[in-house]
Amino acid sequence: MTFRARPVRCPQPTTVPSAGQVTALQAVREYPAISLLLTTTPSAVLAHADALRLDTLAEQAASRVPAELQPAAAPAVRRLHDLVCRARGGPAGHALAVFASAGTGALIRLPLPVRDRAVVDPTFATRDLVRALHRTPRHLVLALNARQARLFNGVADSLLPALTPAFPLQADRPAGDRSGRADRTRRSAAGSSGPDVGFLRRVDQVLGAYARLHPAPLVIVGDESVTTAFRQMSVNCARLAGVVRGNLVTSALPDLSARIRHTLDAYLHQREAEALALIDRRAGADRVASGMPAAWLAARTGRPEMLAVDETLFYPARLSDDGDTLTPATDAEHPAVIDDAVDELIELVLLRDGWVALTSPGALHQHGGVALALRRR
């Protein structure tokens, strides 16, 4: 089958996956569930060379459906054809993910490169989506100074104003004094020349109301006196990712995003360190399953707490009839082989209320690239 572009205007693909979207894709159970993953060159329109590689992956996926199942697979292949055509006419990020089954279709741009592949399984290959969520977490950015505060939602390197009428927030100024002289007099009489604590409390209250509905790591941006005072009285800094110094309340969003990138990177490294430290603690209590076969069995029969996986690990495997045993396989394209059992393990751990940390290459060498921490029984 040859995949060609249609002469129609194509809607843009989703930019970065949401946790809800990833969960919905992980819940799909129908064969064939076709996944295409492709590293691309960021541009306004998918580059011609990338489009050709995408066509090749789509043809590989369609040809991998066994001949006897081709009629039943026709709706999924048609959906795949439509999604590939949309991708050709839309923008490109660092990678592209295409998911197609008879009842589900999704086209997602990813902020990180991937290993190019076509996967045909009863479930979608969502590991790169989980990786994108882990490496580019959604976050909140609170930019404030002594008189105003703004709140932004961040995903990867993009910032957008939070959808709430509570922000931007302005400090009250005493009536009849446009110069602010009365405000300074009031603060001096109170024995303080620092930030208006009443204003900061208002900021914290509306921040808390928003964060309860949209929980995410928080970055605070402001000069030292304001950010220090805010942190001392705030009750909403439990997920503080870091503080960026500077009066940037009125800065352009791309400039603000660039200023917080280092802080987010440091936060992500800290999360990896915390995950590895947890594995070490649980290993001392004999509550870690290392390697894919052991981690798979433990995830099915135990109480998963946290799964740490080398982000470069791929593990084609066969599954036993009872579902408990994984056997590594070299013939990844065989219909009986799970293209990447790491995807399946991640989904299983999340389904059983564990959390996942994707680690840098080599960090889990002594565990064979996979370590599952278990809760007490």
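Start by selecting Phe199, Leu200, Val203, Asp204, Leu207, Gly208 and Tyr210, the buried residues of helix α6. Buried here means under 20% relative accessible area, exposed over 50%, and partly exposed in between, with a 1.4 Å probe and protein chains only. You are looking at a predicted model, in which local features need pLDDT of at least 70, side-chain atom pairs count only at pLDDT 80 or more, and totals for chains, interfaces and linings use all residues. Residues are numbered from 1 along each chain as its sequence is written, and side-chain values use heavy atoms, with hydrogens and water left out.

Now widen the selection to the whole of α6, residues 197–213. Its 17 residues reach 25 Å from first C-alpha to last, close to the 24 Å expected at 1.5 Å a residue; that expected span is 1.5 Å times one less than the number of residues. Helices (H or I, at least four residues) and strands (E, at least two) are DSSP runs, numbered from the N terminus. Next, show what covers the buried residues of α6, including β5 (139–144), β6 (148–155), β8 (169–170), β9 (218–222) and α7 (224–233). Contact means heavy atoms within 4.5 Å.

Move on to α2 (residues 48–64) and α3 (residues 70–89), which pack at about 175 degrees with axes 10 Å apart. The axes are lines fitted to C-alpha atoms, for helices over the stretch in contact, and angles run from 0 to 180 degrees between N-to-C directions. The two helices α2 and α3 are therefore roughly antiparallel, a label for angles over 145 degrees, while under 35 is roughly parallel, 65 to 115 roughly perpendicular and the rest oblique. On the α2 side, pick Ala51, Leu52, Leu54, Asp55, Ala58, Ala61 and Ala62; they meet Gln70, Val77, Leu80, Val84, Ala87 and Arg88 in α3.

Two cysteines come next. Cys85 is buried at 5% relative accessible area, and Cys237 also counts as buried, at 19%. With a disulfide taken as a pair of cysteine sulfur atoms within 2.5 Å, the count is zero.

Finish with some backbone stops. Tyr31 to Pro32 is a cis peptide bond, with omega near 0 degrees, and Pro32 sits in the loop between α1 (19–26) and β1 (33–39). Phe167 and Pro168 are also joined by a cis bond, omega about 0 degrees; look for Pro168 in the loop between β7 (158–161) and β8. Last, select Asp286, a non-glycine residue with a positive phi near 60 degrees. Asp286 lies in the loop between α8 (253–284) and β11 (288–290) and is exposed, at 69% relative accessibility.
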